[in-house]
Amino acid sequence: MKQHFITAAILLAALTFYVLGYSSLGGIAFVVGGAFELWFWMRLFRSG
């Protein structure tokens, strides 16, 4: 169950960085958000 919380936290971090990328921080936050999203999908498919 703890793994699901970590995966959800990674997705939340990705979404947060995407929002920051659109609002103020620009490209860097958008790239970091993409990295977190990639990490999320890797965890999701690996745990399945």
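This is a predicted model: local features need pLDDT of at least 70, side-chain atom pairs count only at pLDDT 80 or more; totals for chains, interfaces and linings use all residues.

Me: Is Gln3 buried or exposed?

Reply: The relative accessible area decides the class, with exposed meaning over 50%. Gln3 has a relative accessible area of 55%, and therefore counts as exposed.

Me: Which residues of helix 1 are buried, and where do they lie around the axis?

Reply: The general idea is that an α-helix has 3.6 residues a turn, so residues three or four places apart point the same way. In this structure, the buried residues of helix 1 are Thr7, Ile10, Ala13, Ala14, Tyr18 and Gly21. Because they cover an arc of only 135 degrees around the axis, they are on the same side of helix 1.

Me: Which residues are exposed on the other side of helix 1?

Reply: Lys2, His4, Phe5, Leu12, Val19 and Ser23 are exposed there.

Me: Why does Thr7 count as buried?

Reply: Buried means under 20% relative accessible area. Thr7, found in helix 1, has a value of 11%, so it is classed as buried. Not counting residues up to four places away in sequence, Thr7 touches Phe40 and Arg43.

Me: Where is Arg43, and what does its side chain contact?

Reply: Arg43 belongs to helix 2, residues 27–47. Its side chain makes a polar contact with the side chain of Thr7, at 3.1 Å. Arg43 is buried yet has none, and the nearest side chain of opposite charge, Glu37, is 14 Å away.

Me: Which residues beyond its sequence neighbours is Arg43 in contact with?

Reply: Leaving aside neighbours within four places in sequence, Arg43 is in contact with Gln3, Ile6, Thr7 and Ile10. The C-alpha atoms of Gln3 and Arg43 are separated by 9.0 Å, although these residues are 40 residues apart along the chain.

Me: How is Val32 classed by relative accessibility?

Reply: Values between the buried and exposed cut-offs are called partly exposed. Val32, in helix 2, is at 29% relative accessibility and so counts as partly exposed. The C-alpha atoms of Val32 and Tyr18 are separated by 8.1 Å, with the two residues 14 residues apart along the chain.

Methods: Residues are numbered from 1 along each chain as its sequence is written. Side-chain values use heavy atoms; hydrogens and water are left out. Buried means under 20% relative accessible area, exposed over 50%, partly exposed in between (1.4 Å probe, protein chains only). Helices (H or I, at least four residues) and strands (E, at least two) are DSSP runs, numbered from the N terminus. The arc is that of the directions from the helix axis to the C-beta atoms. Lys and Arg count as positive and Asp and Glu as negative; His and the chain ends are not counted. A salt bridge is a side-chain nitrogen of Lys or Arg within 4 Å of a carboxyl oxygen of Asp or Glu. A polar contact is a pair of N or O atoms within 3.5 Å; within protein, one must be able to donate a hydrogen and the other to accept it, and residues adjacent in sequence count only if both atoms are side-chain atoms. Contact means heavy atoms within 4.5 Å.
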